[in-house]
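Please keep the sequence and the structure in view while reading.

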Amino acid sequence: MNILGINAYHGNASAAIVCEGRLIAAVEEERFNRVKYAAGFPAQAIRYCLKEAGLTLAEIDHVAVPRDPYARLATKLFYAARMPSFARERARVLAKFTGIPEALAQVFEADPKKLKAKFHRVEHHQAHLASSFFVSPFERAALLSADGLGDFASTMWGTGSGSRMNIDGAVAFPHSLGLFYSGVTQYLGFPKFGDEYKVMGLAAYGEPEQMEAFREIVRFDAHSNGNGFRLGLDYFTHHRTGPEMSWAEADKTPTLGRMFSEEMPKRLGAARAPEEALEQRHHNLAASLQARLEEVYLGMLKKLAERTGLKAVCLAGGVAFNCVANGKIFDATPFEKVYVHPAAGDAGLAVGAAYYVWHQKLGKPRSFVMEHAYWGPGYSREEIRRAIDSNGIEQKGFRVTELAEQELVRRTAAIIADGKILGWFQGRCEWGPRALGNRSIVADPRRPEMKEILNRRIKHRESFRPFAPSILSEVTGEYFEKSHPSPFMTLAYPVRTEKRGTIPAPTHVDGTGRLQTVTREANPRYHALLSAFRDLTGVPVVLNTSFNDNEPIVCRPEEAIDCFLRTQMDALVLGDFLITKSGAA
Ligand SMILES: [Fe+2]
């Protein structure tokens, strides 16, 4: 039985395909159309998933879409009556959404009447919860989804057991931890969709000196089964205007309207314009925002653990990308095991909706665990060779050498240890926003200046943003204060004090690192590279950042070569091919 999951007309449009309970492929549309966070209809992602599975559209039995127009209908109608412009935008998106079968047929030039697939609507947060629980290694777990807004809710919790999930509660619009974080992010002068992670990085530079104010901006809710929260709505506008998000355009990054009201600057001081310098006051506000997010998020998780008595938790939704908060779960709650879906944001809904249908609707038993994130396009040796030849890189002063794996990783480790910046392109593209050793830029973690060099030469991004470490999984506890696996870079742990001087480049200013733990099973070649680097230097860690330059992560070898040349990296590995400047080692 073949199930296609589609996240369409919503940020992070994506597709995934599940055959007999096994995930075959999952990818975001942005990797193909090269528009970050692209919304719209993910035609190219769907086409790729079908190709990877060797199926035609006619062979799909079920199509799962993560939106339920009837969820919280009363709340929707209440707000639609108060906010006509918001209602019009919703109606426009809904019209597109209900036309998904036709859109699908049109893209594949099929007769919609001949599609045998049954269409399923899966409520947004249940799709988030399914994306994490049903692919986790846990037979039983507590579940939490938290984001900005989806199907008029922002938060949902419950429990999972085998192939069933039970929902215990939810927080509805306009109360939202995601919109809280987005609103303050805008107030701090970062207006773009997806800027929240910049503010999370900034928070490490400040002191949370504004907790009193932030406890007014988000309050615990004593009336919601002990697990909810409410926004101080005076500080926001989205409950009056509707969250102004543009979703339906396939070729544009979504945009957000302003969400904070004049009360926020009155309480916290003047809002920062994007071009204004960042001062200590802004660092302290970011730290206060992060600290309050952690109080509420970890407080909810603690109550969830106490109420369910479960030791494992599955997380999804955009808030679950807050790796700093996730890293504190082990100390702040009774949970001992954590699974975060690698595409915890809305891209992951495609996988979640498909698994919701397979387990929750069809009652099929569990048989799959997502232990790695390499579910996107991969390229053969011949395709890579063709990309190299068609670029003519050898005529531009570069040497191309094809090597067996052992020699490849040995030479590559030496290049990294020599302080060079390396593009590393292998196998299938990562699912989710993190590069995890298949579309990565890799550098020496021992050099304190590496962060500044990468920011200036390659990434062209703010100096306060940290870089992440990849570590051989088996020695995680030697470098970090926690050793629970973090295969998808969704947890940040303190680096052991005595090791901070050893790996200064990916250690953030507060002494933490958003680590990726690498096992041989999940990524044999990346594990071999880390092992070769350890053999050479004694350090089992490399700095790992995504292979891109203010664009979606590269997908095809041609894009990797373009990015390599544009940003003047020192060396590039594409599959078995090592590309270096002529005359270099
Ligand atoms: Fe969401």
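In which sense do strand E6 (residues 140–150) and E11 pair, and over how many bridges? In this predicted model, the two strands pair in the parallel sense, over four bridges.

**Strand E11 and its partners**

Within the pairing of these strands, Leu144 stands opposite Leu315 in E11. E11 is also joined by four bridges to strand E12 (residues 337–340), and these two strands run parallel; here Ala312 stands opposite Lys337 in E12. Because five of the five residues of E11 (residues 312–316) are buried, the strand is largely enclosed by the rest of the structure. In a regular strand the side chains alternate between the two faces of the sheet. For E11, both faces are covered, with Ala312, Cys314 and Ala316 buried on one side and Val313 and Leu315 buried on the other.

**The nonpolar cores**

Leu315 also belongs to the largest nonpolar core, which has 87 residues, and it is listed with Leu177, Phe180, Tyr297 and Leu301 as touching the most other members. Helix H12 (residues 280–308) gives the most to this core, with eleven residues. Leaving out residues up to four places away in sequence, the contacts of Leu315 include Leu144, Tyr297, Leu301, Ile329 and Val338, as well as Ser132, Asn326 and His341. Apart from this core lies another, of 42 residues, with Ala127, Ala354, Met370 and Trp375 among them.

**Helix H6**

Helix H6 (residues 124–133) is mostly covered, with ten of its ten residues buried; among them are His124, His125, His128 and Phe133. Its buried residues pack against E6, E11 and E12, and also against strand E7 (153–161), strand E8 (164–172) and helix H15 (349–361). At the start of H6, a side-chain oxygen of Glu123 reaches to within 2.9 Å of the backbone nitrogen of His125.

**Thr185 in helix H7**

Is Thr185 buried or exposed? Thr185 lies in helix H7 (residues 177–187), and it counts as buried because its relative accessibility is 1%, where the cut-off for buried is under 20%. The side chain of Thr185 reaches the backbone oxygen of Tyr181 at 2.6 Å. Not counting residues up to four places away in sequence, Thr185 touches Phe190, Asp195, Glu196, Val199 and Leu289.

**Aromatic rings**

The structure holds 14 aromatic pairs, and the table sets out the geometry of a few of them.

| Pair | Geometry | Centre to centre | Angle between planes |
|---|---|---|---|
| Tyr9 and Phe41 | tilted | 6.0 Å | 35° |
| Phe330 and Tyr493 | edge-to-face | 6.3 Å | 65° |

Tyr9 lies in the loop between strand E1 (2–7) and strand E2 (14–19), and Phe41 in the loop between helix H1 (30–33) and helix H2 (43–53), so their pair ties together parts that are 32 residues apart in sequence. Both Tyr9 and Phe41 are buried. Phe330 lies in helix H14 (residues 329–332) and Tyr493 in strand E17 (residues 491–494), so this pair ties together parts that are 163 residues apart in sequence. Phe330 counts as buried at 17% relative accessibility, and Tyr493 counts as buried at 0%.

Tyr355, Phe368 and Trp375 form one aromatic cluster, and Trp375 is also among the residues of the core of 42.

Charged side chains lie over aromatic rings as well: Arg47 lies over the face of Phe108, at 5.6 Å from the ring centre, while the charged end of Arg434 sits over the ring of Phe321, 5.6 Å from its centre.

**Phe119 in strand E5**

Phe119 is found in strand E5 (residues 118–121) and is partly exposed, with a relative accessible area of 31%. Which residues does Phe119 contact, leaving aside its neighbours within four places in sequence? They are Val63, Ile100, Pro101 and Leu104. Phe119 and Gln395 are 276 residues apart in sequence and 52 Å apart in space, C-alpha to C-alpha.

Key
Residues numbered from 1 in each chain as written. Predicted model: local features only at pLDDT ≥ 70, side-chain atom pairs only at ≥ 80, totals over all residues. Heavy atoms only, no water. Buried < 20%, exposed > 50% of the residue type's maximum accessible area, 1.4 Å probe, protein only. Polar contact = N/O pair within 3.5 Å; in protein donor to acceptor, adjacent residues only side chain to side chain. Contact = heavy atoms within 4.5 Å. Core = buried A, V, L, I, M, F, W, Y, C linked by side-chain atoms within 4.5 Å. Phe/Tyr/Trp six-rings, centres within 6.5 Å; stacked < 30°, edge-to-face > 60°. Lys NZ or Arg CZ within 6 Å of the ring centre and 35° of its normal. Pairing = 2+ DSSP bridges.
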